[in-house]
Every structure is written in C-alpha cells, then in structure tokens.
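The sequence and structure come next.

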Amino acid sequence: MKDKKIPTKIFLSESELPKYWYNMNAVMKDKHEPALNPKTLKPCTLEDFSEVFCEELAKQELNFTDEYIEIPEEVQDFYAMIRPSPLTRAYCLEKVLDTPAEIYYKFEGNNTSGSHKLNSAIAQAYYAKEQGLTSLTTETGAGQWGTALSMACAYYNMDLTVFMVKSSAEQKPFRKAVIETYGGKVIPSPSETTKVGRKILEQFPGTGGSLGCAVSEATEKALETPNCKYVLGSVMDHVVLHQSIIGLETKIALDKYNIEPDVLIACVGGGSNFGGFIAPFVKDVINGTAKYKIIGVEPKSCPSLTRGKYAYDFGDTGKMTPLLKMCTLGNGFMPAVSHSGGLRYHGMNPIVSKLYHDGYIDAVAVEQTRVFEAAVTFAKSEGILPAPESSHAIRVAIDEALKCKETGEKKKIVFCLTGTGYFDLAAYSAYNAKTMSDYVPTEEDLKKGFDSLPAVE
C-alpha cells in the first residue's frame, strides 16, 4: 500500500532551486591528476585551456578550492523554465517487481532536448555569449547533447556546428532534424570536412565513428574558425559541475521527506550526469559520515570503468586535446556499430575515474538486451519511454530491488532518469523484433584501443 507520507512526485518550488553549483574537486581529499598539455606534458594552464574553451569555463575546470560556485542569474532564469524536475516515487514499478525496496527516480527529460544535457548547454552558451563569441562547435553521440546545445545557441543567437557520430546520425535522423530546426548544422563524423576526419577515414575505412573522432573534428573546426570556441557535453570537470544541479535538487527533495538513500545509481558514459547526480552526496562518503552505495552503470560494449585502464590518454582520436588521467579504453577504441544510444566514449571524467580508482564508487557493465528489457518494464509500469542511456540505470535499479525481494531488505534506491527514448525507436524496434545483438569486446579488441595510449606516466 502507498505510504501516505511520501507523495508520488516530490516537487520543489522555484524558490528552492539551487543558486550555486557544487564542485566535487573542492572536497576530494586526494585530487585527481592535472590535465597535461600534449606538447609539453606539463599541467595545463588557464591559457592552455582558453585556446579551445571559453575563458570562464577554463577557470571552472581549474577550480579545486571553491565548494560552491554561483550560477549566473541569467542561467538561473533559464533553469526556471525547465526546472526543478520532480523526484518521483516509482510505486507502480515497485508493485510490478513485488519488492520491499523503495524506488525513486529523478526525471531529467522534461524539455525539448529530452535529456539532462540542457543543464550544461545553457551555461556554456551563456559564457560564450558573455565572451563575445559568435559561433561554437561540438560533438554529439546519441544526439541529446547536440540537441540541447542547438537550443541554447538559438536562445543566444549563436551559430553552431555539430559533428555527430556517423552511426548515430544514421540511426537517428530525427535528432538531426531537431538540431537543424534550432539552427544547428549537423555533420556526420568522421567526415571529409576536416583534416583529422579525412585521416581517420583513411585509417578506419567504413567506420561508424566514435565520440573521440567527433571531438577531434569539432576541435579542429573551432581552432580554424574566427570568434569560435569548442564546447562539449561531458567528460570535463566543468560539465560535471553544471550537472550538479541534478544532485542538489535530488538531495533537497529527499531531505524534505527525511529520506536517506541507501543506493544511488546513474548511467555513465563520459561521466557528466553521473558525476552531477552524486556530487552533493560524495562529501559524506569521502568523510565516512554516510555509507551510500553509489553505482555507475555502463554498457558492456564500451566498458571504460570496468575494463579500462587508469592512465593518461587523449580525449580524442586525433590526439589534439589535453591528456587526462582517466579510466580509458584508449583513444583508438571504436565501439561496435550495433551499440544503441550513447555511452560510447572511450574514457571517463577524471573526477569519476579518481573516485572509482580510490574505491568510493562502484561500477557495473550490462548488455544492451538486458538494458532494453528493463526499459520496457519501466515504460509499462511508470508510463515513460526511457532513453537507452537512462535504461542502464533502470536495469541496475531493478536488479538491486530484486535483491531486496530475496533478502527482505527495505532499501531506498534512487536513480537518475536522464532522458526520454522517443528518438530511439529504431533500437526499440530491434529489441521487439528480437534482432538486437549484444557485443562484448574481446581482450584482443580492447588491446587495439590500449595500444593507442600515449607513453605518459
């Protein structure tokens, strides 16, 4: 029976919206290793980062001292249009699973992009406009980031070029249509439009591309275009910072009803939504004042945490970006074309990588057929068609709830539902028709990626 003290949806008022982002770098006892300039192999300076990124974003990337960073008032005003998002008690899913566990999810899909990506896109576009830039370039995998950034650039009347992973561009033509509706230009990557794209096509003929390829092309385009900078939707610390709005709202909502979570779960590809979701909870884990079980869920077809190496690596296939110390499959790793959705990046955000390496968080890799099985269960019970990426978190949330059914424990499970799956119907059709396949890289497959790692200690 429904607990009358906890409503199905826990709403926050506009006045309860956080006014500051939360910076995990400030509370980590052992900081992650600095990004390195690939030419000098020395720690990146503000000037190094500012060659590619907006200056204010470069400052945020290097901020290891301020626990809270103020959200610009103009960004707060935009947030008020799409936030706060409700924390929902999944009573119907609990009933279907017949579990004593309490399941909650933070739904980030209530905007036209259908995902959490707009939280950082609007912030990055704001800083670009403040700097006087007139255009931006970026990459996108499944298309959520490209869609969100096209919306943000339209809001600030800025030009945008989006290099979209070729296999995703082919699987999701309607993502391209939405991006173009908002004024963005979409180029399937790798392409013939850049030197690095042509080089990758020569090296990997017929490739479906990767985020690493798209990052290289977007970076080259930004460096060669006047009054233009490159922005990205995950991996870097400043993106995780912006996404902390998710975790901050989640914590406020939980605290309103004195709900102490036992398990926190989110999908993890480049690390932005996962890092943002767990941000305000990590301090207590590091200090030993809380024992949350924190789980990042990744695809078995691109397992950077569970099977990657903790090493310095380039963020892109063309080896143009700073070197990051992260869990990585190697910048040369190419995910299988059969892999649906996003979560296809070869590396992981340095904060998330460090937390995993130091044992503060766990990681699980799952096959995509099991992911879609969970997605269908969730859609039928909760009435939301989830994105494939989000469904990784749903899969493990269901698994944790079923463990509680076996043990009788009444754990409180909270996960981040990062977005909707209405542009992923080809993948849902493949699952329904039983033509979807699972790809798990062999050790030989992984070795090809690891061989591309730079010789940096």
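## Second largest pocket

The second largest pocket holds about 230 Å³ of space. A pocket here is an open set of points on a 1 Å grid over the protein atoms alone, where a 1.4 Å probe fits, with protein on both sides within 12 Å along at least five of seven lines. Lining residues have an atom within 4 Å of a point. Volume is the space filled by probe spheres set on the points, which are joined across faces, edges and corners.

This is a predicted model: local features need pLDDT of at least 70, side-chain atom pairs count only at pLDDT 80 or more, and totals for chains, interfaces and linings use all residues. Residues are numbered from 1 along each chain as its sequence is written, and side-chain values use heavy atoms, with hydrogens and water left out.

Among the residues that line the second largest pocket are Val196, Phe204, Lys319 and Ser452. Helix H9 (residues 195-203) supplies the largest share, four residues. Helices (H or I, at least four residues) and strands (E, at least two) are DSSP runs, numbered from the N terminus. The lining divides into three nonpolar, six polar and three charged residues. Ala, Val, Leu, Ile, Met, Phe, Trp, Tyr, Cys and Pro count as nonpolar; Asp, Glu, Lys and Arg as charged; the others, Gly among them, as polar.

## Largest pocket

The largest pocket has a volume of about 880 Å³. Its lining takes in 50 residues. Glu139, Val215, Tyr230, Leu232 and Tyr345 lie nearest its centre. Elements that give two or more residues to this lining include helix H1 (46-50), strand S6 (135-140) and helix H15 (388-407). H10 gives the most, with four residues. The lining residues of the largest pocket divide into 21 nonpolar, 21 polar and eight charged.

## Strand S15

Strand S15 (residues 412-417) is largely enclosed by the rest of the structure, because five of its six residues are buried. Buried means under 20% relative accessible area, exposed over 50%, partly exposed in between (1.4 Å probe, protein chains only).

S15 pairs in the parallel sense with strand S5 (residues 102-107) over six bridges. Strand S10 (residues 263-267) also pairs with S15 in the parallel sense, over three bridges. Pairing requires at least two DSSP bridges between two strands. Glu102 stands opposite Lys412 in S15, and Ile265 stands opposite Phe415.

## Salt bridges

The count comes to 24 salt bridges, each a side-chain nitrogen of Lys or Arg within 4 Å of a carboxyl oxygen of Asp or Glu. Glu102 and Lys410 form one of them (3.8 Å, N to O). This pair links distant parts of the chain, 308 residues apart. Glu102 is buried, at 4%, whereas Lys410 is exposed, at 54%.

Glu220 bridges to Lys195, with the closest N and O atoms 3.7 Å apart. Glu220 sits in helix H10 and Lys195 in helix H9. Lys251 and Asp255 also meet, at 3.4 Å. They are separated by about one helical turn, being four residues apart in helix H11 (residues 237-256). Arg83, Lys106, Glu108 and Glu249 are linked in a network.

## Two residues

His346 lies in the loop between strand S13 (323-328) and helix H13 (350-357). His346 is buried, with a relative accessible area of 3%. A polar atom of its side chain lies 2.9 Å from the backbone oxygen of Phe314.

Thr181 belongs to helix H8 (residues 173-181). Thr181 is exposed, at 67%. The backbone oxygen of Ala177 lies 2.7 Å from a polar atom of the Thr181 side chain.

Technical notes
A polar contact is a pair of N or O atoms within 3.5 Å; within protein, one must be able to donate a hydrogen and the other to accept it, and residues adjacent in sequence count only if both atoms are side-chain atoms.
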